[in-house]
Each structure stands twice: as C-alpha cells, then as structure tokens.
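Please read it alongside the sequence and the coordinates.

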Amino acid sequence: MSTETKAAVKTTELIAFILVTVAMLIASQIADNFDAQHAWFYASLLTIGYMISRGLAKSGSRDYYDDEDHREYAGTRR
C-alpha cells in the first residue's frame, strides 16, 4: 500500500519549480531591467507557492504502510 501522493522528488512540480527559479535568476543577471533584488523576491514567492502546494497535496495523505512495520508491532521481526 502507498500514500495518496508521490514523494516530492518524483513530481513535475519540483522540476518546474527548479527550472523556473534557475531561469529567473539567470535572467536577472542578463536583463538590464530585471535586477537581482526583484529576482530573489520572486524566487521567494515561488518557494512559498511550492511549499503551499506540497502541503495541500500532503494534507489528505496517510502514513506509508509497510509490512515490516506491521510485523514489528506484532512482535515478529525478520
């Protein structure tokens, strides 16, 4: 059995978050009208949004069920 949601490293949300953040920070170094202060502000907003989205995704999930955990509580270990 598994939880309702995937691990964060297996989602496209993480990949999109990393790509957009890196691209934005690179753009702040290249573009004249987009300075580093604004880029880091937007990177912070992206991070907050990502953390909220992961929190909402995990809010209804249960703990991972493992047969070994079940045996441990039953007193029979491998």
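1. In the protein chain, residues 24 or more positions apart account for 62% of the contacts with a separation of 6 or more, a contact being heavy atoms within 4.5 Å. The model is predicted: local features need pLDDT of at least 70, side-chain atom pairs count only at pLDDT 80 or more, and totals for chains, interfaces and linings use all residues. Residues are numbered from 1 along each chain as its sequence is written, and side-chain values use heavy atoms, with hydrogens and water left out.

2. The protein chain holds three helices and zero strands, in the order α-α-α along the sequence. Helices (H or I, at least four residues) and strands (E, at least two) are DSSP runs, numbered from the N terminus.

3. Of the 78 residues in the protein chain, 14% are buried. Buried means under 20% relative accessible area, exposed over 50%, and partly exposed in between (1.4 Å probe, protein chains only). The chain exposes about 6400 Å², of which carbon and sulfur atoms supply 61%; accessible areas come from the Shrake-Rupley method with a 1.4 Å probe, and for residues only the protein chains shown count as cover.

4. Helix α1 has 19 residues and reaches 27 Å from its first C-alpha to its last, close to the 27 Å expected at 1.5 Å a residue. The expected span is 1.5 Å times one less than the number of residues. Leu14, Phe17, Thr21, Met24 and Ser28 are the buried residues of α1. Seen down the axis of α1, they fall within an arc of 105° and so line one face of the helix; the arc is that of the directions from the helix axis to the C-beta atoms. Thr12, Leu19, Gln29 and Ile30 are exposed on the other side of α1.

5. Helix α2 (residues 36-58) has 23 residues and should span 33 Å at 1.5 Å a residue, which agrees with the 32 Å between its end C-alpha atoms. Its buried residues are Ala39, Ala43, Tyr50 and Arg54, and they pack against α1. In turn, what covers the buried residues of α1 includes α2.

6. Thr11 belongs to the segment before α1 (12-30). Is Thr11 buried or exposed? At 10% relative accessibility, Thr11 counts as buried. Thr11 and Arg54 are 43 residues apart in sequence, and their C-alpha atoms are 10.0 Å apart in space.

7. Tyr42 lies in helix α2 and is partly exposed, with a relative accessible area of 37%.
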